[in-house]
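Subject: Structure handover

Hello,

Here is the structure I promised to pass on. My notes on it follow below.

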Amino acid sequence: MTVDDTGSGADGDGRVDPEPGPDSADSGEDPLALRLEGLILGAERRYTPFQAARSAGVSMELASRFWRAMGFADIGQAKALTEADVLALRRLAGLVEAGLLSEAMAVQVARSTGQTTARLAEWQIDSFLEGLTEPPEPGMTRTEVTYPIVELLLPELQEFLIYVWRRQLAASAGRVVQAGDDEEMVDRRLAVGFADLVGFTRLTRRMEEEELGELVEAFETTAADLVAARGGRLIKTLGDEVLYAADDAGTAAEIALLLVETMANDETMPELRVGIAFGTVTTRMGDVFGTTVNLASRLTSIAPRDAVLVDSALAEELVRTRDAPASEAAAAEEAATAEKEGEEPPAYRFALQPMWQRPVRGLGVVEPWLLTRRGDGGES
């Protein structure tokens, strides 16, 4: 949707004509596409961008900023907007007028929502509706079955989307209120991990597009399930790479080892390498930034195949939380002492092996640690 700052769509007295004219839809548009749009939006095209902005009581400039932030294309002065578009403008502008959001924050809300839902919508159409709208009988076209399928699915998908969003909002709000102070809400100490498929570029040259797409989907699905099940958060997927975060080092380490173990047991999957760093992370619009994230990425690039490298901060945190011994010598000494006193030895989950120090571009000299699972304390 959006923008043209002229007021050519308004009546001479400034009122908006809400009734759609016979030319409200461009003659070149597909009739089924227009029917689907009406079904999904639940309203007819009634307004030009100028008319919608005026009806919402906002400037054309602000309306344009909101629409562009949501990811809608410029449409000049075509009559293509609905009552829902007007209501969305009123709501965003109302939050600003009430002092609940600054104008910049309202634009950020529009942008984050637009980017997230755009990807969701693309996935649903590409992967979901394409399969469901295969013509059930010879002679039928896809267009003949698309409309009734969408009509049936729409209310269910809408309710499910709201449910998942509320669940995620509750979880995120819980993490924020547990932060120690206001600064920690934005700049927090997290464990950040990258998992990268080895040799993916070579695979793209050898595999058919459909086969490659299935591999990427299987990798992303497996990674997402493992991260969520163990209490981490999937930040984003990049085809051959996933980025995740966890509030504590032990959770991040467990996820990393499970990823490597799971992929190694799947003959269709390439080898995997994982890098994890622990430290202060800046969060913005669901993404993470900062030196800690960059370090995790660098560790991934130098990790051996089917192995996990961690930085010294994460290694120290695992030792502090008693998830890993300071050294195997220290673990042996603790075990001997416990045996002498008739007690159970510490059940460490992980083992840490110091690797070679090496300079990393932009980060100085880094000392990676190889993370493995201990047989006497880890999970199977």
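Pro148 is partly exposed, with a relative accessible area of 37%. On this scale buried means under 20% relative accessible area, exposed over 50%, and partly exposed in between (1.4 Å probe, protein chains only). Pro148 sits in helix 6, residues 142-177. Helices (H or I, at least four residues) and strands (E, at least two) are DSSP runs, numbered from the N terminus. The C-alpha atoms of Pro148 and Leu36 are 9.7 Å apart, and 112 residues separate the two along the chain.

Some ground rules. This is a predicted model, where local features need pLDDT of at least 70, side-chain atom pairs count only at pLDDT 80 or more, and totals for chains, interfaces and linings use all residues. Residues are numbered from 1 along each chain as its sequence is written, and side-chain values use heavy atoms, with hydrogens and water left out.

Phe160 is exposed at 53% relative accessibility. Tyr163 is partly exposed, at 48%.

Ile162, Trp165 and Leu169 make a nonpolar patch of about 300 Å². Ile162 lies in helix 6 and is partly exposed at 35% relative accessibility. Patches are made of residues with over 30% relative accessible area and no salt bridge: like charges are joined within 9 Å, nonpolar side chains (Val, Leu, Ile, Met, Phe, Trp, Tyr) within 5 Å. Accessible areas come from the Shrake-Rupley method with a 1.4 Å probe; for residues, only the protein chains shown count as cover.

Glu208, Glu209, Glu210, Glu211, Glu214 and Glu217 gather in a patch of negative charge on the surface. Lys and Arg count as positive and Asp and Glu as negative; His and the chain ends are not counted. The place of a charge is taken as NZ of Lys, CZ of Arg, CG of Asp or CD of Glu. Glu208 is in the loop between helix 8 (200-206) and helix 9 (209-229). Its relative accessible area is 61%, so Glu208 is exposed.

Now the salt bridges. How many does the structure hold? There are 15 salt bridges. Each is a side-chain nitrogen of Lys or Arg within 4 Å of a carboxyl oxygen of Asp or Glu.

Asp196 pairs with Arg273, and their closest N and O atoms are 3.3 Å apart. This pair links distant parts of the chain: Asp196 is in strand 1 (residues 187-197), Arg273 in strand 4 (residues 272-284), 77 residues apart. Asp196 is buried at 9% relative accessible area, whereas Arg273 is partly exposed at 22%.

Glu254 forms a salt bridge with Arg349, with 3.7 Å between the closest N and O atoms. Glu254 lies in helix 10 (residues 249-264) and Arg349 in the loop between helix 13 and strand 7 (350-354), so the pair ties together parts that are 95 residues apart in sequence. Glu254 is buried, at 3% relative accessibility.

Glu271 and Arg305 meet in a salt bridge of 2.6 Å, N to O. Glu271 is partly exposed at 34% relative accessibility. Arg305 is partly exposed at 47%. Salt bridges that share partners also join Glu254, Glu261, Asp323, Arg349 and Arg373 into one network.

Two backbone angles to look at. Asp306 has a positive phi of about 50 degrees although it is not a glycine. Asp306 is in the loop between helix 11 (291-302) and strand 6 (307-310). Arg322, also not a glycine, has a positive phi near 65 degrees.

Best wishes
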